Amino acid sequence: RHIAGAFSALLYCFIVTLGYLILCQITRVYVFDYGMYSADFTGPMMVITQKITSMAFEIHDGLTKREGQLTPGQKYFAISRMPSLLEYLSYNCNFMGILAGPTCSYNDYKAFIEGTCYQPRHQENANGKENGKYKQTEPSPKNDVISKLCTCAISLAVYLSLYKLLPVERSIDDDFVNSTPFHLQVVYLYLAMLALRPKYYFVWTLADAINNAAGFGFNGYNKDGSPRWDLISNLRILDIEFATSFKLFLDNWNIQTALWLKRVCYERCPINPTAATFLLSAMWHGVYPGYYLTFLTGIGMTMAARAVRHNIRPYFLVSDSYKGIYDVITWAWTQVAISYTVAPFVLLAVGPSLKFYRYVYELLIHCGLIIKIVWGEKNNSQFLNKNISALNWKKKP
């Protein structure tokens, strides 16, 4: 009965927190200006929603479950003692992450506040050289902060220089579509999305630098003894731009949000966790129809990417040259797939999004054809292997 009551409290916390966020997003979109961000007060609330729900699940894991029922990650994040009001407010409303995050676990934040976040990782990752050249009880984040601030400056300069030259809305302009070959439309869509990404690079890298400057974010040492300050980093720019699969792109984009979705939904949902995770992500992002179209498309893209990787990739692993060819092809396809998937997220409204889908119907046909070929090849291969096995069995004396 105690466990059932605890689970009900967890469920109520999750529903009320997410429901209040959605209500505020509806107010911002339909009471204030539609499509305008001048009154966007929901950004900090999105971060707080992640923190409140994460803490609720971590407390539930620590106080109501045995260790054998938890995954290794859940064991690490589980909270075994109910936080005080001061600890709760400090975690949710600290000045470093109140505006743009990134989200972190309560245990990591508590270790930072108590000053215990350096020594354990130092002993584990510095190869035990307690008296050697790597010994440093409080590693300095100076170099990483400077590097991240430089990344912020470059990202901001690139975004301000390109975003007006390459608007995504041009991809649904009638004159542009009628006068531009389809392959050039695809190239333009990729460039337009490429010009948009530095905006997110700027915000998330700046948020990471602020936390690092305060001393939060230490994640052990590299093999050469240099400190790592990527515990709560939200993106890896090079891994994003050179991703060779849909999954690799998503794994390196908005990392802390992806981890939050994994911990509160994907690992716990008993029915179709992939679809449930994409739905939760859409609800958390807001109420614009384009968000839901994006994440609905993302489900199909994820399944297609898995099928391609499982059925086609093994044929290209026979040599380095074949694998290089495969990487180039999958990089190009990943960038196109991401651009196509994210376009409604940028266009926001139903009308422009459906207009975009209508103009790129050829891409949909190509995607469907590839999936059909992949799955058909898989089924044919299974059928062939089954018949061959039966034939060999019959030949045995």
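Colleague: Is Tyr 91 buried or exposed, and why?

Modeller: Tyr 91 counts as buried because its relative accessible area is 0%. Buried means under 20% relative accessible area, exposed over 50%, and partly exposed in between, using a 1.4 Å probe and protein chains only. The model is predicted, so local features need pLDDT of at least 70 and side-chain atom pairs count only at pLDDT 80 or more, while totals for chains, interfaces and linings use all residues. Residues are numbered from 1 along each chain as its sequence is written, and side-chain values use heavy atoms, leaving out hydrogens and water.

Colleague: How many aromatic pairs does the structure hold?

Modeller: Rings of Phe, Tyr and Trp (its six-membered ring) pair if their centres lie within 6.5 Å; planes under 30 degrees apart are stacked, over 60 edge-to-face, and the rest tilted. The structure holds 26 such pairs. In one of them, Phe 14 and Phe 57 have ring centres 6.0 Å apart and planes at 80°, so the pair is edge-to-face. Phe 14 is in helix α1 (residues 2–30) and Phe 57 in helix α2 (residues 42–64), 43 residues apart, so the pair links distant parts of the chain. Helices here are DSSP runs of H or I, at least four residues long, and strands are runs of E, at least two long, numbered from the N terminus. Phe 14 and Phe 57 are both buried.

Colleague: How far apart are the ring centres of Tyr 91 and Tyr 106?

Modeller: Their centres are 5.6 Å apart, and with planes at 85° the pair is edge-to-face. Tyr 91 is in helix α4 and Tyr 106 in helix α5, 15 residues apart. Tyr 106 is buried, with a relative accessible area of 3%. Tyr 91 and Tyr 106 form one aromatic cluster with Tyr 109, Phe 112 and Phe 216.

Colleague: Which residue lies over the face of Tyr 91?

Modeller: A charge sits over a ring if NZ of Lys or CZ of Arg is within 6 Å of the ring centre and within 35 degrees of the ring normal. Lys 51 lies over the face of Tyr 91, at 5.5 Å from the ring centre. The charged end of Arg 263 sits over the ring of Phe 77, 3.9 Å from its centre.

Colleague: Which residues have the most contacts inside the largest nonpolar core?

Modeller: In soluble globular proteins, nonpolar side chains tend to be buried together. A nonpolar core is a set of buried Ala, Val, Leu, Ile, Met, Phe, Trp, Tyr and Cys residues joined through side-chain atoms within 4.5 Å. The largest has 29 residues, and Val 168, Met 193, Tyr 340 and Phe 356 have the most contacts inside it. Helix α9 gives the most to this core, with eight residues. A second, separate core of 24 residues includes Phe 14, Leu 18, Leu 21 and Cys 265.
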